[in-house]
Amino acid sequence: MGKRIVRYEHDGIHWGLLTEEGIYPAGQFDTLAAFLEHGAKQAEPAGNPINPEHVTLLSPVTTPAQIVCQGANYSSHREEGGLDAGRPPFNLIFTKAASSIAPPDTEIESPAHVTLLDYEIELGLVFGKKLDQKLPDDFSALGDYIAGFVITNDISSRDIQFAENQWYKGKSFRTFCPTGPVLYLFDKDEAQHVHDLELTLKVNGETRQQANSFQLLYKPEETLVELSGMMDFWPGDLLMTGTPGGVALKLSPDEMNELLNPFEKMDKKMATLNKSQEKNEHYLQDGDIITSEIRSRDGSIDLGKQTNRVTFLS
């Protein structure tokens, strides 16, 4: 069995091993990379556990870190966004600012000018080893580079993302990437669970997203192969694997084509977006509560539960 790791604040910032008995302290390290190198192997249920209700849980992914994201990687999400539901000819890759990382139970603070705020639960993969060389095309040993799994939520301003054609800007505001609470450091023989994890997101108790990671169109192993041919990764970096269907955004193929057209004027794009979404009541509102959970079907892996309240800044 792997280890359920949390990072928490309780008379300082600590790392700990989460068990049914509580949190067993596992040391103080400034970054996730330092914990993976010096503290992870020593994290054991020894001493007196701490009641999780007595601490403040923080993101187990720390900054600085790279956040690399896969987009439109579930058929259900592609179809609701006006795209062909089949596997596309290329793996859509983008990034988020590391400063968007936030604690798992934080308030999501939306800037006042954002009008179409959306949610996107995603399985996050945390690197445990430096990857600085091209992997072979038949690479399958995910555990050689990925240390564990974590819940992430790719909060998105659809008005900025599509009207301005700025995915990075629309997805990178502070608090737009709540992460955690649990970083599950899997044993190497558990790596195959990456293909059988259940993702569930609810807004105010209503299930909006529910899928299994086996539905990913571009699998984590082949994504690592592709990315290894163009960039380096370091311990503590985060790969977000894409969100399933059920987000607020709903577009027809014609609407999506217009929004993706780089030569279309911004004011026309904004008019198209507003008209297409004017009766859509699923966008996040001030005071909404989002809960996100990821676990294996057999219950052996449980990444905990995020609970985020939405706040619109004035």
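Here's a quick tour of the salt bridges in this structure. Keep in mind that the model is predicted. Side chains of opposite charge can pair when their charged atoms come close. In this model, the count comes to 18 salt bridges, and three of them get a closer look below.

**K96 and D154**
- The side chains of K96 and D154 form a salt bridge, with N and O 2.7 Å apart.
- K96 sits in strand β6 (residues 92-96), while D154 is in the loop between β11 (146-153) and β12 (156-157), so this is a link between distant parts of the chain, 58 residues apart.
- Both K96 and D154 are buried.

**R158 and D118**
- R158 pairs up with D118 in a salt bridge, and their closest N and O atoms are 2.9 Å apart.
- Because R158 is in helix α3 (residues 158-163) and D118 is in strand β9 (residues 117-118), the pair ties together parts that are 40 residues apart in sequence.
- R158 has a relative accessible area of 1%, so it counts as buried.
- D118 is buried too, at 0% relative accessibility.

**K188 and D144**
- K188 makes a salt bridge with D144, where the closest N and O atoms are 3.2 Å apart.
- This one links distant parts of the chain as well: K188 is in the loop between β14 (183-185) and β15 (197-203), D144 is in the loop between β10 (121-127) and β11, and they're 44 residues apart.
- K188 is exposed, at 58% relative accessibility.
- D144 is partly exposed, with a relative accessible area of 31%.

Notes. Residues are numbered from 1 along each chain as its sequence is written. This is a predicted model: local features need pLDDT of at least 70, side-chain atom pairs count only at pLDDT 80 or more; totals for chains, interfaces and linings use all residues. Side-chain values use heavy atoms; hydrogens and water are left out. A salt bridge is a side-chain nitrogen of Lys or Arg within 4 Å of a carboxyl oxygen of Asp or Glu. Helices (H or I, at least four residues) and strands (E, at least two) are DSSP runs, numbered from the N terminus. Buried means under 20% relative accessible area, exposed over 50%, partly exposed in between (1.4 Å probe, protein chains only).
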